[in-house]
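Please open the model in your viewer and keep the sequence panel beside it. The tour begins with the whole chain and then moves to a few local stops.

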Amino acid sequence: MRTNAQAVVIGGGVIGCSILYHLTKLGWSDVVLLERDELTSGSTWHAAANIHGLHDSTNISRIQHYTMNLYNALEAETGQSCGVFQPGSLYLAQTEEREHQLRLQAAKAKLYGMNFYEISIEEAQRLNPLVNYDGIRCVMFEPDGGNVDPSGVTNAYAVGARQRGAEIHRFTPVTATEHQEDGTWIVRTPKGDIKTPWVVNAAGLWGREVAKLAEIELPLQPTEHQYFVTEAMPDVQAHGARLPSVSDRDGEYYLRQEGNGLLVGAYEKDMKFWAEDGTPLDFAHDLFPDDLERIEENMMNAIERLPAVGEAGIKRVINGPMIWSPDSNVLMGPVPEVDGYFCCNGIIPGFSQSGGMGLMAAQWIIEGETQYDMFAWDMARFDTWATKEFTKAKVQDQYAHRFAIHFPNEERGAGRPARVRPIYETQKAMGAVFGLNVGWEHPLWFADESGTVDTNGFTRQNWWAPVGEECKMLRERAGIIDISNFAKYICKGPGAADWLNAVFANTMPKAVGRSCLTPLISKRGGIAGDFTVTRVAEDEFWIIGSGMAERYHKRFFKQVPLPEGTTFESHTEAICGFNVAGPKSREILHRLTDTSLATEDFPFMRSAMIELAGVEVLAMRVSFTGDLGWELHCKTEDQAQLYEALLEAGKAFGAGPVGSRALMSLRVEKGYGSWSREYSPEYWPHEVELDRLCKFDKGFLNKGAAQKVLENPARERLVLLHLDEADVTASNADATGGEPIFKDGEGIGRVTSGTYGYTVGMSLALGYVKNAQPGDEVEVMVLGRPHKATILKEPPFDAKGEKLRA
């Protein structure tokens with residue numbers, strides 16, 4: 001066994017072997033995989049191993065399509081059979097909401113060149129005559145859908161990796177992972193130790209236990225999961241061709257051909273946890289006792305849709321473990337706090353994602369970044385606030401609603417509240433309907449009655465009109481927005497300015513009381529983040545960024561060493577904030593402070609420490625609403641006092657609380673982008689008009705990458721679109737994000753943010769397009785159907801910034 005390696009992968013399931021294979025495919029041959037038992041032990045060997053491309057996330061769909069197309073090539077390359085069957089998959093819609101989801105997926109497939117399209121009921125009947133199509137609204141067909149052999153795929157990855165020089169050691173448990181002073185790791189096993197710069201935790205059911213060897217806690221929880229295989233069925237044998245699988249997610253089961261019978265699986269409401277206190281080390285190719293009563297309701301749904309299932313005997317039942325994250329997506333990426341430790345844990349649709357997941361992991365480890373924005377999979381989306389109790393509650397909800405539609409703007413209540421701030425109960429009593437943001441409860445909108453909850457769907461919901469009233473109140477008078485979710489950092493010391501200049505692309509403010517906007521550049525030259533930096537003293541700066549990306553951004557900040565005597569610390573929990581915005585905002589604040597807020601004394605993009613209602617705050621003349629306004633940041637213990645004072649002062653002007661859904665509408669009216677929507681590592685600075693904030697007369701993180709991409713023409717541009725009112729009214733729906741954009745039948749882009757602009761009377765969408773100009777007419781595929789739209793020349797609200805600077 002090697003004593004040194006470029007990377008050590010722990011775990012010999014399908015994901016670990018895929019990562020090993022892709023590391024070698026990208027050029028690393030000195031890599032080792034360690035498996036405590038036999039390859040495929042744990043969850044891999046008993047998986048149903050279905051493959052499909054459908055996913056609500058565009059980038060995850062891309063990865064799943066890569067995986068589906070990889071298996072045949074992997075067979076040819078290695079000579080190892082993957083047991084690939086691709087008779088196609090039928091996707092059935094019983095409800096209008098499912099039809100909306102499938103039509104949107106079909107539109108995305110057309111944009112990205114994926115094989116997924118609508119077929120007639122008659123064609124579906126020909127492909128799979130066992131299905132009862134009564135009540136089906138539409139059928140989509142994915143010709144490449146099907147299933148693979150779990151052991152075959154895993155061994156094909158292993159063979160491919162070995163052919164390129166990798167070592168695989170079975171029956172070699174890892175007993176310790178020790179971080180060294182030089183940043184490398186010692187991986188200890190009974191057969192010897194390996195020194196490596198990269199430990200890759202792909203330990204499946206034992207992901208928690210392997211992480212704990214490095215003193216890392218992962219929010220994971222295993223469950224039981226069952227499927228059964230029927231005896232041979234005459235109808236299946238008589239068909240003469242392999243039947244396409246059936247995705248009837250409204251029926252909450254999955255079904256495909258297995259031999260001359262059918263395999264039927266379910267995610268039941270009466271789910272069952274397993275190994276809550278740790279996965280047994282002696283568990284390998286084991287199963288649990290059958291418990292089909294738990295999935296009886298799902299089985300009856302399958303029998304109703306395919307009556308032949310009810311006439312067949314059951315040949316075998318598989319009841320085995322799966323391990324879940326709180327949102328059922330993988331926990332993937334380098335641990336931000338520890339150098340050289342990469343996680344890939346909590347994978348559910350492993351055989352639909354294994355190839356793409358292995359490729360993304362290998363890119364991240366070798367190249368420093370993935371080609372796609374994979375924040376939906378980034379382990380940094382969770383932190384210590386995702387406790388064991390929270391994780392269990394979320395996993396239970398995810399399992400029981402595995403096939404439920406995840407609607408735009410949907411907020412599920414399981415495991416909440418996880419974290420609250422001092423004014424939570426006050427906001428709750430005022431009718432706040434809350435959302436979850438990195439564990440924090442924050443107001444989405446304010447209802448007339450406390451206890452109101454969202455309705456969910458693709459069309460306009462119960463919050464649509466009240467959010468409009470909040471927007472109009474702010475634009476006409478003023479509104480008070482809780483912005484405590486923003487990430488807040490303080491950098492202090494003699495080297496603060498130099499360090500910030502070395503991290504961020506823009507030049508840091510030179511004068512006290514000045515602020516600047518700045519991008520953070522990613523490894524490939526894209527936008528890793530956008531921040532507001534304010535100089536509050538000669539050697540002190542406050543930095544405001546995306547709250548959801550705070551742990552993600554740690555990876556970038558740690559790449560630039562802090563000068564001696566200089567500190568950079570998060571104050572997100574210690575500081576809360578409000579944005580008071582609107583034409584009356586200055587008058588409201590003047591009632592609470594002796595500081596002059598007149599334009600000549602307090603112009604746009606200036607800041608000062610002031611006293612407001614007896615509370616010391618950092619007042620910053622900026623506003624994400626695009627209107628006149630101030631951000632006010634105070635100590636968390638002062639939040640309640642400041643909020644009460646702002647609300648009381650606002651009453652005289654007809655001002656009140658405003659939620660984040662209204663903020664979304666207001667910022668889109670102004671054409672402002674937001675991180676993870678308009679700004680991501682996939683987008684280049686000049687594609688989002690942030691190149692003007694990149695100052696190349698100084699050094700900054702990933703400057704060379706930014707220079708390189710700026711040498712190329714923009715691949716696409718961020719634009720603001722106005723959707724045709726007649727089309728929007730007919731569908732009762734606005735764009736929400738992800739909808740494809742077409743022009744003359746050609747796909748030219750996609751929506752990143754969509755909303756109704758209540759104060760400009762327009763349904764609006766921000767998005768990226770190519771080969772299109774302002775004034776062009778295009779089609780936005782809202783609900784998967786074309787809605788006419790026009791690319792605007794300028795934002796409909798305050799295009800010249802006169803109100804913002806008033």
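Predicted model: local features only at pLDDT ≥ 70, side-chain atom pairs only at ≥ 80, totals over all residues.

Residues are numbered from 1 along each chain as its sequence is written, and side-chain values use heavy atoms, with hydrogens and water left out.

Still at this scale, the C-alpha atoms fill a box of roughly 85 × 65 × 50 Å along the principal axes. Colour by accessibility next: of the 806 residues, 62% are buried, that is, under 20% relative accessible area with a 1.4 Å probe and protein chains only.

Switch to a cartoon, where the protein shows 20 helices and 38 strands; these are DSSP runs, helices being H or I of at least four residues and strands E of at least two, numbered from the N terminus.

Now select A49, in the loop between β2 (31-34) and β3 (50-51). Its phi is near 60°, a positive value in a residue other than glycine, and A49 counts as buried because its relative accessibility is 5%.

Move on to E252, in the loop between β14 (245-248) and β15 (253-258), where phi is again positive, near 60°, in a residue other than glycine.

Finally, select R416 and P417, which are joined by a cis peptide bond with omega about 0°; P417 is found in the loop between α11 (388-400) and α12 (424-429).

Definitions and conventions
Buried < 20%, exposed > 50% of the residue type's maximum accessible area, 1.4 Å probe, protein only.
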